[in-house]
Amino acid sequence: MKQSLFESRHQADWNAFSAQLEALERGKDKNQQQACTRFAANYRQLCQHLALAQARGYSSHLIDQLQQLAMRGHQQFYRHRSHLGAQLIRFLLGGFPRLVRAEWRSVCVASLLFFGSLAAMGLLTYLYPELIYSLIDPDQVSEMERMYDPDARRLGRFSERGSGEDWVMFGFYIMNNIGIAFQTFASGLLLGLGSLFFLLFNGLMIGSVAGHLTRIGYGEPFWSFVIGHGAFELTAIALAGAAGFKLGWALLAPGRLPRGEALRLAAGKAIQLVAGVILFLLLAAFIEAFWSSTTFASPTVKYAVGSGLWALVLSYLLLAGRRQHAPD
């Protein structure tokens with residue numbers, strides 16, 4: 001059956017099911033018993049339509065529309081058995097990494113832009129030392145050198161602080177990191193150009209600092225500092241950019257959907273990505289405040305721990321959630 005005939009035959013059913021979902025979500029369906037009976041039958045029918053659309057290779061726009069209805073229906077169907085804590089655990093153990101893999105195109109583009117610009121600028125700054133001053137003020141460069149001085153008692157921002165102030169720095173890192181990620185995500189509404197700018201800007205800034213500090217002999221304190229929390233923080237920035245691109249692409253290429261509807265569908269997945277990004281940034285802030293800035297552990301130990309954290313993050317995103325269990 002052609003997709004156009006399939007849609008014309010069942011569009012009225014989908015609209016009716018969507019209206020029923022809205023009534024149930026708002027708690028305004030007056031005849032609850034009759035509504036439950038109709039809902040179960042309509043939900044089964046929608047799942048059959050979704051399976052047919054996937055098996056017949058219909059357009060991604062139609063499949064996304066049916067998947068959104070199916071997910072909303074699933075939430076209503078199991079709402080009395082699903083608690084917030086259980087939903088959060090399911091999201092962390094499987095939902096988030098599955099979503100990252102499902103959005104692999106935008107994730108790959110964002111990662112290439114961010115990590116590519118970081119690596120390229122790091123190499124260029126290492127080879128051409130004066131290049132850093134085209135991006136960063138000389139006073140800020142001196143401050144960076146002081147932060148990662150091999151003789152410093154603590155590394156990173158406010159290195160003169162005592163260990164009792166680590167909780168203060170934990171809060172500071174949370175606010176700073178989430179601010180950067182939110183900028184990168186929300187600016188995707190500017191047709192994706194804002195996310196593109198912030199991914200490149202942050203990549204160039206971090207790369208220039210890395211190349212400069214490595215060239216002047218401060219590479220060991222710098223790299224041993226960033227390798228631990230960087231596994232979560234840098235990955236989170238790239239994922240925030242991917243979420244921003246999701247919004248921008250919905251506005252640029254909505255397909256047959258109105259731009260508002262395409263944006264609404266894209267925002268659902270983008271916000272879920274950002275929820276995972278926030279978790280990563282909380283972990284990054286904790287590691288940066290209580291582990292990365294300390295000097296009691298040798299650089300070798302920090303490299304080993306940091307390598308393990310990078311392996312953990314990559315394994316989580318690539319492998320977690322591949323086996324689904326009901327009612328997930």
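This is a predicted model: local features need pLDDT of at least 70, side-chain atom pairs count only at pLDDT 80 or more; totals for chains, interfaces and linings use all residues.
Residues are numbered from 1 along each chain as its sequence is written. Local features need pLDDT of at least 70, side-chain atom pairs count only at pLDDT 80 or more, totals for chains, interfaces and linings use all residues, and side-chain values use heavy atoms, with hydrogens and water left out.

The unreviewed UniProt entry lists "transmembrane region" for residues 107–128, 167–182, 189–210, 222–249, 270–291 and 303–321; such annotations may be inferred rather than shown by experiment. In the model, residues 222–249 are 100% helix (DSSP runs of H or I, at least four residues), with end C-alpha atoms 37 Å apart. Residues 270–291 are likewise 100% helix, and their end C-alpha atoms are 31 Å apart.

Turning to the cysteines, the structure holds 0 disulfides (cysteine sulfur atoms within 2.5 Å). Cys47 is partly exposed at 30% relative accessible area, as is Cys108 at 45%; this class lies between buried, under 20%, and exposed, over 50%, with a 1.4 Å probe and protein chains only.

The aromatic pairs (ring centres of Phe, Tyr or the six-membered ring of Trp within 6.5 Å) number 21. One of them joins Phe96 and Phe280, with centres 5.8 Å apart and planes at 75°, so the pair is edge-to-face (over 60 degrees; under 30 is stacked, the rest tilted). Phe96 lies in helix α4 (residues 84–102) and Phe280 in helix α10 (residues 259–292), so the contact ties together parts 184 residues apart in sequence.

Technical notes
Helices (H or I, at least four residues) and strands (E, at least two) are DSSP runs, numbered from the N terminus.
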